[in-house]
Structures are given as structure tokens and as C-alpha cells.
Amino acid sequence: MRVLVALGCLVLGAAVGLGAVALHGYGWGLGLGIAATAASLVALPGGWWRRLPFALGWTAALGVASVPRPEGDYLIASDASGYLLLATGAAVLGAGFVGLVPRGAPRGNAEG
């Protein structure tokens, strides 16, 4: 069952990432893509089977879109919105790995 959840999160991440890449040229599209990504990362619980596959799918879609096309052009322009999208990809990947760290009480002697 966990594998199916991870596969679903991977596909969801790729779809959201592809949508962000497709719309990042418009100001509203970049904001919508970042907001949808952030909302998904907040909604998914951390762990190997949920948030990390989403982040890997998102950054995989971004990586595929970053490769030059046969015509010689790029899907991600080298302007402010393109660089912001690439920085968002780094943040998404970081958030996927930060979700692996278990939350808990700080370690140490509580009595003194």
C-alpha cells in the first residue's frame, strides 16, 4: 500500500511541477505554481512515502524541463521568473528531505 501512495505522490508532484513550469512565464502563473506547491508540501505529512516522493516528482519535472530542446530553445527562460522557479525547485527538494527528520522533544536532561 505504501508503494502505491508513494507512486501517487510522485505523479502528483510531477503534475504540479509541470504546471508550474508551463505557467511560470505569467506573473499570476508563477504565483499560482508556487502556492500550489507550498500548499501540497504543507498538506502532505513528512516521510519516505509521502512528501519526499512529491518533492522528487516535482524536481524531476523541473529537471526534464530545464534540458534544452532539439530546436535549441528552453522551456525555462533565464529571467527573474525562471530563476525564481529554479530556486523554488531547490526549496521543494529541501522541504522533501527536511520532512524525513522526526519531530520530537529536544534531547537532554529535563531536570537540570
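Trainee: Which residues does Leu30 touch, not counting residues up to four places away in sequence?

Mentor: Bear in mind that this is a predicted model: local features need pLDDT of at least 70, side-chain atom pairs count only at pLDDT 80 or more, and totals for chains, interfaces and linings use all residues. Residues are numbered from 1 along each chain as its sequence is written, and side-chain values use heavy atoms, with hydrogens and water left out. Contact means heavy atoms within 4.5 Å. Leaving out residues up to four places away in sequence, Leu30 touches Leu23, His24, Ser81, Leu84 and Leu85.

Trainee: Is Leu30 buried or exposed?

Mentor: Leu30 lies in helix α2 (helices are DSSP runs of H or I, at least four residues, and strands are runs of E, at least two, numbered from the N terminus). Buried means under 20% relative accessible area, exposed over 50%, and partly exposed in between, with a 1.4 Å probe and protein chains only. The relative accessible area of Leu30 is 11%, so Leu30 is buried.

Trainee: What distance separates the C-alpha atoms of Leu30 and Leu85?

Mentor: Leu85 is one of the residues that Leu30 touches. Along the chain these two are 55 residues apart, and their C-alpha atoms are separated by 7.5 Å.

Trainee: Which backbone oxygen does the side chain of Thr37 reach?

Mentor: Thr37 sits in helix α2 and has a relative accessible area of 2%, so Thr37 is buried. Beyond four places in sequence, Thr37 touches Val16, Phe54, Trp58 and Val92. At 2.7 Å, its side chain reaches the backbone oxygen of Gly33.

Trainee: How are α1 and α2 oriented, roughly parallel or antiparallel?

Mentor: Helix α1 (residues 2-23) and α2 pack at an angle of about 165°, with their axes 8 Å apart; axes are lines fitted to C-alpha atoms, for helices over the stretch in contact, and angles run from 0 to 180 degrees between N-to-C directions. Angles under 35 degrees count as roughly parallel, over 145 as roughly antiparallel, 65 to 115 as roughly perpendicular and the rest as oblique. That angle is why α1 is, relative to α2, roughly antiparallel.

Trainee: How many residues of each class are in the contact of α1 with α2?

Mentor: Val16, Ala20 and Leu23 in α1 meet Trp28, Gly29, Leu30, Gly33, Ala36 and Thr37 in α2. Ala, Val, Leu, Ile, Met, Phe, Trp, Tyr, Cys and Pro count as nonpolar, Asp, Glu, Lys and Arg as charged, and the others, Gly among them, as polar. The contact divides into six nonpolar, three polar and no charged.

Trainee: And which residues make the contact of α2 with α3?

Mentor: The axes of α2 and α3 come within 9 Å and cross at roughly 160°, which means that α2 is roughly antiparallel to α3. From α2 come Thr37, Ser40 and Leu41, and from α3 come Arg51, Phe54 and Trp58.

Trainee: How many residues in the contact of α3 with α4 are charged?

Mentor: Helix α3 (residues 51-66) and helix α4 (residues 80-98) pack at about 155°, with axes 8 Å apart, so α3 is roughly antiparallel to α4. Among the contact residues are Arg51, Leu52 and Trp58 of α3 and Leu85, Val92 and Phe97 of α4. Eleven are nonpolar, five are polar, and the number charged is one.

Trainee: Which residues is Trp49 in contact with, leaving aside neighbours within four places in sequence?

Mentor: Trp49 is in the loop between α2 and α3, and at 35% relative accessible area Trp49 is partly exposed. Its C-alpha atom is 4.8 Å from that of Ala6, 43 residues away along the chain. The contacts of Trp49 are Arg2, Val3, Val5, Ala6 and Cys9.

Trainee: What is the separation of the C-alpha atoms of Val5 and Arg50?

Mentor: Val5 lies in helix α1 and is in contact with Trp49 and Arg50, leaving aside neighbours within four places in sequence. Val5 and Arg50 are 45 residues apart along the chain, with a C-alpha separation of 6.9 Å.

Note on methods: A polar contact is a pair of N or O atoms within 3.5 Å; within protein, one must be able to donate a hydrogen and the other to accept it, and residues adjacent in sequence count only if both atoms are side-chain atoms.
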